[in-house]
Amino acid sequence: MADGSRVQLALEINGRTIRSEIEPRMLLVEFIREVARLTGTHVGCDTSYCGACTVLLDGRAVKSCTLLALQAAGARLTTVEGLAKGGVLHPLQVAFSRHHALQCGFCTPGFLMAAVNLLAENRDPSEDEIRKGLSGNTCRCTGYVNIIAAVKDAAEELRKAAA
Ligand code: FES
Ligand code: FES
């Protein structure tokens, strides 16, 4: 593509503003990985199926392979690198570790971000609600049982912290 068609874009990711000149067709996941160098957001398919690319856009989980980077202009983005605060892991990260809710770990960033969204909307989800809330994410290793246990555990921790 000719240079004349490139556009300036500034995106807020994990509280930092990242600026770059990009091709208008650049996907959000490409901006996150290749421009912002935040490689915790993964690409596991080319069919919008796997959910490994899930990030938060103004708090809502989105598959960043399904959006253009330009569509995120003006929004607040959070990637998995933004979950821990001051070196302290997010309760979901702690629970995933405690419950062995990952094996290869490739899907984990996407599950974590989808689960953050789920627990923001539902503080005490049932197993069915967790399965439904995470239905856009695929794991080829774990069989999901430990992931669901981790989300239930993290929900309880978050409720206790808020009490
Ligand atoms: S990379 Fe698979 S849904 Fe986005
Ligand atoms: S832990 Fe390997 S794909 Fe989920």
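The crossing of helices H2 and H3 is right-handed in this predicted model. Two packed helices are described by the angle between their axes and by the distance between those axes. For H2 and H3 the angle is about 125°, and the axes lie 10 Å apart. Because angles over 145 degrees count as roughly antiparallel and those from 65 to 115 as roughly perpendicular, H2 and H3 are described as oblique to each other. On the side of H2 the contact is made by Leu92, Gln93 and Phe96, which meet Thr108, Phe111, Leu112, Ala115, Val116 and Leu119 of H3. Sorted by type, the residues of this contact comprise seven nonpolar and two polar ones, with no charged residue.

The largest nonpolar core holds 25 residues, of which Leu92, Phe96, Phe111, Leu134, Ile147 and Val151 touch the most other members. At least two residues of this core are supplied by each of helix H2 (91-98), helix H3 (108-121) and helix H5 (145-162), and the largest share, eight residues, comes from H3. Leucine 92, when its neighbours within four places in sequence are left aside, is in contact with Leu112, Ala115, Val116, Leu119, Val151 and Ala154. Apart from this core lies another, of 19 residues, among them Met26, Leu38, Ala72 and Ala75.

Threonine 41 is found in the loop that runs between helix H1 (28-35) and strand E3 (54-57). With a relative accessibility of 1%, threonine 41 counts as buried, since the cut-off for that class is under 20%. Residues up to four places away in sequence not being counted, threonine 41 touches Val29, Ile32 and Arg33, together with Ala52, Cys53, Val55, Ser64, Thr79 and Glu81.

Note on methods: Residues numbered from 1 in each chain as written. Chains lettered and ligands numbered in written order. Predicted model: local features only at pLDDT ≥ 70, side-chain atom pairs only at ≥ 80, totals over all residues. Heavy atoms only, no water. Helix = DSSP H or I, 4+ residues; strand = E, 2+ residues; numbered from the N terminus. Buried < 20%, exposed > 50% of the residue type's maximum accessible area, 1.4 Å probe, protein only. Contact = heavy atoms within 4.5 Å. Core = buried A, V, L, I, M, F, W, Y, C linked by side-chain atoms within 4.5 Å. Axes fitted to C-alpha atoms, helices over the stretch in contact; angles between N-to-C directions. Parallel < 35°, antiparallel > 145°, perpendicular 65-115°, else oblique. Left-handed = near helix turned anticlockwise from the far one by under 90°. Nonpolar A, V, L, I, M, F, W, Y, C, P; charged D, E, K, R; others polar.
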